[in-house]
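Please open the model in your viewer, with the sequence panel beside it, and follow the stops below in order.

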Amino acid sequence: MRVKDGVLKYGFVGPALIFLIAFNIFPLFYNIYLSFTDAELSGGIARLIGGRNYGVIFDDTRYGTALRTTGLFVILAVAIELLLGFALALALQKPFWGKPALTTILLVPMMLSPAVMGLYWNFILNGHYGVVNQALSAFGLFQPQWLTDPDLKLFSILIIDIWMWTPFMMLIALAGLNAIPNHLYEAAAIDRASRWTIFRRITLPLCSPLLFLAVLLRTTDALKQFDLVMAVTGPNDRATQTLSALLYQVMFRGYKIGLGSSYSIVILLIVIAIATIFIRYIASIQAKQGRETA
Amino acid sequence: MNDPFLKIDNLSKNYGETQALSEISLSLHAEELLVILGPTGAGKTTLLRIIAGLETADAGRIAVKGADITHQLPAERDIALVFQNFSLYPNKTVRQNLEFPLQAPGRNLSKEDIANRIAHSADLLRITPLLDRPATRLSGGEMQRVAIGRAIVRQPQLFLLDEPLTNLDAKLREVLRVELIRLQRDLGTPMIYVTHDRIEALSMGDRIAVLSEGKILQIGSPEEIYQQPNSPTVARQLGYPPINTIDVHKRRGQWSTASNHPIMTADHNAPSNATLGIRAENISPRGGEIPATIEVVEDLGASTILLADWAGQPIQILTSGEQPWHIGDEIYPSIDPDRVLVWGTTDEQG
């Protein structure tokens with residue numbers, strides 16, 4: 001029986017393990033290896049060149065710009081999505097007529113493919129025939145060149161990202177709000193707490209671990225922003241080139257596999273660093289609040 | 001006689017088809033501890049929530065010191081409610097839980113006042129060593145003390161307690177019961193205490209209101225409720241083992257059971273059909289004429305409860321623990337005629 005159990009054990013775990021090694025662990029280490037070589041797609045034998053690729057990164061002015069662009073994008077997108085999402089969740093907290101239908105409609109943007117959304121928004125924001133500028137002209141207002149003005153391009157991508165991902169924040173915030181037991185609000189009402197006090201001292205602190213989780217997920221995701229950039233401006237536009245877009249340019253337009261690998265490792269390290277900070281923070285809040293809600 | 005502190009008139013509440021409360025009227029005097037006793041689902045919690053303002057009644061009026069509060073918000077009522085599940089704020093320490101009601105807008109207490117009140121309440125409830133502990137790291141009894149503490153720091157004009165001891169173990173329940181009585185006497189604040197526990201009701205209440213299926217069946221002192229319950233339902237609420245209720249009819253001057261066994265002499269002006277209420281301590285296993293068979297012997301140490309089949313009628317007898325009783329023994333139960341409660345039977349089942 002024991003032998004059989006052992007076989008069974010590996011039988012269950014094995015396929016997943018093989019999959020994980022083949023598609024996650026091997027590529028990761030192969031990527032690390034490549035980042036120390038001068039491998040190119042155009043051929044030739046890859047030679048180990050030590051840390052020279054990493055030196056190139058810090059000389060590359062495109063890299064600094066992409067880092068700034070990505071940082072600005074992440075901070076603005078996540079902050080605005082959090083605020084809007086939480087506000088929507090608060091508005092949807094109490095039951096009212098049509099709430100389920102409204103909630104579903106609000107979730108639609110999240111369920112659509114980013115690439116397709118990028119293309120749609122290309123039409124919506126088009127400077128000549130886009131519906132936004134049509135509407136603005138109907139009122140005789142100034143018509144910004146959303147997609148071609150270098151100062152506006154990133155802002156336009158930001159709008160699309162906010163439109164797509166605010167529902168995600170809302171959904172998680174709603175879960176957090178619904179997890180707060182009603183009797184705490186009743187206790188607070190009896191304790192004569194004002195609405196603001198209830199929000200600041202009960203709703204917000206009890207909801208915050210989930211909000212931080214949502215911020216973590218959105219931050220790591222926004223750091224990898226690529227598809228909207230591809231669909232709206234293309235990967236080479238300096239005004240909107242995020243780290244992932246730069247990586248794409250180096251790797252698949254320049255065919256520099258070795259250099260591209262080192263770019264990807266640097267992005268990975270940034271994501272891991274940020275995620276670690278967030279996860280530690282969430283864990284510390286949860287430890288403080290205790291796992292159960294009394 | 002002064003106006004009662006709290007006066008409730010004809011309060012009714014329905015949840016859809018279910019009638020939770022039906023024309024509840026009661027009053028509470030200053031400094032009084034009123035126990036509302038009733039089985040689960042009787043409407044006890046609903047009544048408390050309406051008094052606290054968490055629910056609104058469909059009909060009726062609530063007045064405190066003569067002033068109508070029926071439509072006031074909970075915050076306007078200055079009434080403290082201790083929830084059955086404690087409802088501590090989980091993200092706060094014990095001290096912060098106690099501070100919370102004191103920081104309400106309009107209170108304007110100085111930091112010193114707040115600290116003094118918390119120190120005083122914590123001392124009273126013996127939770128001073130716990131003050132800086134997170135509210136989630138407390139035992140059930142500690143949570144309950146903190147919940148009561150959160151109510152008393154406010155110095156409210158009325159306390160409402162919703163089965164506050166139900167979630168605790170028996171030993172702690174006894175300790176806290178005594179403490180609660182002492183606390184209520186010390187503070188002199190009127191209190192409504194909801195419970196389904198007959199011992200709590202008997203030992204704590206200045207008066208007891210018996211609630212069943214949304215109606216108040218009887219209000220009175222514990223002695224009155226115990227000695228002169230006005231219906232079998234009320235009688236069954238108090239006492240252990242539960243009171244024996246036997247449906248009888250009058251036959252040749254005797255109360256006879258359904259199987260026509262005469263069990264005791266009937267008063268000549270008594271109704272022809274009645275329900276007799278006989279507490280287990282008022283039946284003796286000897287001295288009667290009709291035999292009964294012991295079916296269950298429950299030894300409580302100082303006393304013994306016998307469950308017997310008395311001519312088809314199950315009865316419980318409380319007897320001293322001296323004599324050993326055995327299942328199957330034949331006994332001849334006799335009833336103390338002075339201690340029997342007689343309720344005339346109407347068509348409707350009481």
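A residue is called buried here if 20 or more other C-beta atoms lie within 10 Å of its own, exposed if 12 or fewer do, and partly exposed in between, with C-beta atoms placed from the backbone. Helices (H or I, at least four residues) and strands (E, at least two) are DSSP runs, numbered from the N terminus. This is a predicted model, in which local features need pLDDT of at least 70 and side-chain atom pairs count only at pLDDT 80 or more, while totals for chains, interfaces and linings use all residues. Residues are numbered from 1 along each chain as its sequence is written, and chains are lettered from A and ligands numbered from 1 in the order in which they are written.

**Helix H11 of chain A**

Select residues 243-253 of chain A, which form helix H11, and colour Leu243(A), Ser244(A), Ala245(A), Leu246(A), Leu247(A), Tyr248(A) and Val250(A), which are buried. Then step to Tyr255(A), which follows H11(A) and has a positive phi, near 60 degrees.

**Chain B as a whole**

Now show chain B, whose C-alpha trace spans about 75 × 45 × 40 Å along its principal axes, and which holds nine helices and 21 strands. Of its 350 residues, 40% count as buried.

**Where chain B touches chain A**

With both chains displayed, select the 23 residues of chain B that are in contact with 18 residues of chain A, contact being taken as C-beta atoms, placed from the backbone, within 7 Å. On the side of chain B that touches chain A, helix H2 (74-77) and strand E6 (79-82) of chain B are the elements that give two or more residues.

**The six-stranded sheet**

Next, centre on Ser212(B), which lies in strand E9 (residues 207-212) of chain B and is buried, with 20 other C-beta atoms within 10 Å. Beyond its neighbours within four places in sequence, Ser212(B) is in contact with Gly38(B), Pro39(B), Ala42(B), Leu217(B) and Thr233(B).

**The largest nonpolar core**

Which residues have the most contacts inside the largest nonpolar core? They are Ala173(A), Leu160(B) and Ile192(B), in a core of 140 residues, where a nonpolar core is a set of buried Ala, Val, Leu, Ile, Met, Phe, Trp, Tyr and Cys residues joined through C-beta atoms within 7 Å. Helix H7 (residues 153-178) of chain A gives the largest share of this core, eleven residues.

**A hairpin to finish**

Finally, select strands E17 (residues 303-310) and E18 (residues 313-320) of chain B, which pair in the antiparallel sense over eight bridges. Trp310(B) stands opposite Gln313(B) in E18(B), and in this hairpin, with two residues between the strands, Ala311(B) takes a positive phi near 50 degrees.

Terms used
Two strands pair if DSSP finds at least two bridges between them. Two residues are in contact if their C-beta atoms, placed from the backbone, lie within 7 Å.
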